[in-house]
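User: I am new to this structure and would like to get to know it. Could you walk me through it with a few questions?

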Amino acid sequence: MNLLEKCRAYSRADEARDAGLYPYYSAFQGPSGGGRAVREGAEVCMLGSGDYRSLSTDLQVIGAAQDAIALYGSSASGTRPQGGNLDLHEELEADLAGFFGYEAALVFPTGYMTNLGVVSTLAAEGDVVYLDERAHASLEDGARLARATGAAVSRFGHLSSGDLARQLEGASTRSALVVTDALFPEEGQLAPVAELAAICEEHGAALLVDESHGVGLFGGGRGVVQHLGLAGRVPLMTLSFGKALASQGGAVLADARTIDFLRHTSRTQVFSTGLSPADTAAAHAALREIRRRSDGEPEALMAAEHLRRALDVLGYDVAGDAGAVVAVRLPDEVTMFAAQRLLVDHGVFANVVAPVGERYQLMFACTDAHTPDVLEAVIGVLGALREELLPHHRRAA
């Protein structure tokens, strides 16, 4: 089989399409982050968006993006080291650093490229990357690239600070990078960041925490690390702008020397066109709005807690208790796809988790736009469809 024949032989997507259960690449006609969206000409309650604070439709955010296009054009038109660096980038970096309490920040074109570039650049020959076995794909791929340059890679048990401690105690080097998500939305669980920080401090390892799903929601908008009272104890933080910051891009925050090193050596930074003016300005405006709202509890978290309790009462197998995403476990892929299709047919859009191992889940992402009346309508649909959606053993219970 030659290189392209294996692509032509790929049939899994076709099988789902033929069964009328294909759940991916839905095309929305208009915004998808405001609680409601239009899909194939029909309105659905949108529970598949990471726009947790509903800022992608905020007039201040939209206006900032429009003003940036009018002044700077549609593109940065170059890599940041070579003609594509804008004052917009540097202003956003300064505000990110100030808001999150770090010396400096560096903006990347996507959240994925942030993690890929940071992990693969920091760890090289003689270093070891330890990552939670369920870390985000971008962190995993960053570790794979680091391994190609000579770094060793080791996975510790999911959420298991004890396993990490055992591995570090037996390590032959103290030059180590420990990597984890702050919040795992598929499990609805926070990482044991306090324990991880203490272990890293004991063994001289550097800790990187990806706050993509915590920013805007926890710690006055500053994330899980701030929420847990660990400010100053996590030397490396990354985040995606594609969630609560309602834009495109990502950033790493650290001490000024580390950021300067990454600025000049990270290949995903040095060889990528700079983040567009519109995306940069939108992320900055969203950051300002999150700062303004920092005193109150996000409505997205309250909505998720309400939905979580209601689904548990209905008999659904709900995972975890943290974050704005409510995950419902299902026994297999066909059941998961069928459940998603049935909900869409009844006006509720939820995401499926691309199966990893034996995990099959529907993901309901709550935002500030999900008011109590909207949630009650969704809960009503899930209650009415309970007999069709729940596995037999759950219904019997």
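This is a predicted model: local features need pLDDT of at least 70, side-chain atom pairs count only at pLDDT 80 or more; totals for chains, interfaces and linings use all residues.

User: Which residue meets the side chain of Arg-233 in a salt bridge?

Analyst: Happy to start there! A salt bridge is a side-chain nitrogen of Lys or Arg within 4 Å of a carboxyl oxygen of Asp or Glu. For Arg-233, the N to O distance is 2.9 Å, and the partner is Glu-201.

User: How many residues apart in sequence are the parts that this pair ties together?

Analyst: Helices (H or I, at least four residues) and strands (E, at least two) are DSSP runs, numbered from the N terminus. Arg-233 sits in the loop between α9 (224-227) and β10 (236-240), while Glu-201 belongs to helix α8 (residues 193-203), so the pair ties together parts whose separation in sequence is 32 residues.

User: Are Arg-233 and Glu-201 buried, partly exposed or exposed?

Analyst: Buried means under 20% relative accessible area, exposed over 50%, and partly exposed in between (1.4 Å probe, protein chains only). Arg-233 has 32% and Glu-201 has 45%.

User: Which strands stand at the edges of the seven-stranded open sheet?

Analyst: Two strands pair if DSSP finds at least two bridges between them. The order is β3-β11-β10-β9-β6-β4-β5, with mixed pairing. Each edge strand has a single partner, so one side of it is left without a neighbour in the sheet; these are β3 (104-108) and β5 (152-156).

User: What angle does the direction of helix α6 make with that of β4?

Analyst: Axes are lines fitted to C-alpha atoms, for helices over the stretch in contact (heavy atoms within 4.5 Å), and angles run from 0 to 180 degrees between N-to-C directions. Helix α6 (residues 137-148) packs on the sheet and touches β4, β5, β6 and β9 (206-210). Its direction and that of β4 make an angle of about 160 degrees.

Definitions and conventions. Residues are numbered from 1 along each chain as its sequence is written. Side-chain values use heavy atoms; hydrogens and water are left out.
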